[in-house]
Amino acid sequence: NETLFQGIYRMEGGSWCHLNSGKKEKYWQWSFDVEPMDYEEAKREVRRLVERSVSMQTPKEVSYGACLSGGLDSSIIVALSGDIPTFTVGYKGQDDERPIAELMGRQQREVIFDQVRDFQETITSIETPLLGASWMHVGLYQLAAQYVKVLFDGAGGDEIFFGYGWRYTAKDYYLVLNRTGIDNEYCRWLFSQVFPEDTPQARYIFDAKHFLGGVLSVVDKLSMAQTIEVRTPFLENDLVDFATKIPFEMKANKQILRDAFSDLLPPEILNAPKRGFTTPKEWIPGEYNQARNWIEFALKEWSLIFEK
């Protein structure tokens with residue numbers, strides 16, 4: 001719950017706080033009690049809940065569009081929303097998802113980057129060290145703000161429908177989570193505390209409870225900084241509550257979601273492998289850049305505390 005600011009702490013997800021008394025209370029929490037289900041019935045219910053969520057979150061009085069990555073989640077939202085403006089990020093000289101996104105976007109608009117930019121604005125708005133996969137959102141939201149007031153986003157689809165295949169099937173999950181690239185005793189110990197039993201289910205629960213929070217920090221803070229409201233249909237409460245009850249084998253690689261909307265999407269999207277929304281590695285060159293210096297300093301400080 002710590003932040004970069006002294007005396008300022010994050011609220012726990014799904015909780016509220018009474019400002020005068022300081023009383024805190026949970027009003028919602030994750031439940032991962034898997035239930036036996038018939039696949040066809042579960043598929044129909046997923047379809048119904050996603051359709052209802054998109055309908056409920058569709059603005060009635062202001063202009064709206066959608067972020068469109070070419071992935072399954074955002075493509076489903078666009079398919080259900082009809083002829084709306086869509087906005088996609090591309091990287092000059094790089095293999096990206098623009099060609100697939102253009103299959104769904106009828107009013108497609110793109111922002112093309114040829115280098116990393118907007119670091120200062122990103123840091124100022126996001127107030128937390130999540131820079132690697134967030135700076136490009138600034139340009140995306142600046143573009144969208146010229147046309148719409150509300151944006152749909154597919155955030156949450158991967159976390160509730162078992163979408164991060166490489167994270168759940170990797171042999172050594174420690175190496176997946178350890179973004180530092182440094183094998184450190186403290187990090188190993190911390191991993192053992194979070195994952196005393198490393199299973200695909202444990203990884204899925206970790207992503208839902210923790211990784212998703214970072215995703216939403218990026219989406220919410222950087223969009224509001226550009227006067228854009230982002231809505232996330234895959235995180236509607238009833239849909240989340242149902243999805244977390246679906247047996248894991250039905251959700252592997254988001255299969256139940258693919259099957260539920262197979263009639264709306266072209267094969268190029270239905271059969272495409274998952275691709276991350278990340279900065280091209282060669283755009284932040286150097287093994288000893290400033291980010292690595294910060295990492296090494298933090299690990300040294302944490303290790304001292306760990307040894308005590």
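User: What span should helix 10 have, and how far apart are its end C-alpha atoms?
Analyst: This is a predicted model, to start with. Helix 10 covers residues 200-224, and at 1.5 Å a residue its 25 residues should span 36 Å. The end C-alpha atoms are 34 Å apart, so the two values agree.

User: Where does helix 10 bend, and by how much?
Analyst: At Asp 207, by about 40 degrees. Asp 207 is also one of the buried residues of helix 10.

User: Which other residues of that helix are buried?
Analyst: Among them are Arg 203, Tyr 204, Phe 206, Leu 212, Val 218, Val 219 and Leu 222.

User: OK, on to the strands. Which way does strand 3 pair with strand 6, and over how many bridges?
Analyst: Strand 3 (residues 64-67) and strand 6 (residues 150-152) are parallel, with three bridges. Ala 66 has Phe 152 as its bridge partner in strand 6.

User: And how many bridges join strand 3 to strand 4?
Analyst: Two, and that pair runs parallel. Cys 67 is bridged to Phe 87 of strand 4. Between strand 3 and strand 4 the chain passes through helix 2 (residues 72-81), in a right-handed β-α-β crossover.

User: Is Ser 81 buried or exposed?
Analyst: Ser 81, which is in helix 2, is buried: its relative accessible area is 15%, and the cut-off is under 20%.

User: What does its side chain reach?
Analyst: The side chain of Ser 81 reaches the backbone oxygen of Ile 77 at 2.7 Å. Beyond its neighbours within four places in sequence, Ser 81 is in contact with Val 54, Tyr 64 and Phe 152. Phe 152 is the bridge partner of Ala 66, too.

How values were computed
Residues numbered from 1 in each chain as written. Predicted model: local features only at pLDDT ≥ 70, side-chain atom pairs only at ≥ 80, totals over all residues. Heavy atoms only, no water. Helix = DSSP H or I, 4+ residues; strand = E, 2+ residues; numbered from the N terminus. Expected span 1.5 Å × (residues − 1). Bend = angle between axes of the 7 residues up to and from the residue. Buried < 20%, exposed > 50% of the residue type's maximum accessible area, 1.4 Å probe, protein only. Pairing = 2+ DSSP bridges. Right-handed = clockwise from strand over helix to strand, strands pointing away. Polar contact = N/O pair within 3.5 Å; in protein donor to acceptor, adjacent residues only side chain to side chain. Contact = heavy atoms within 4.5 Å.
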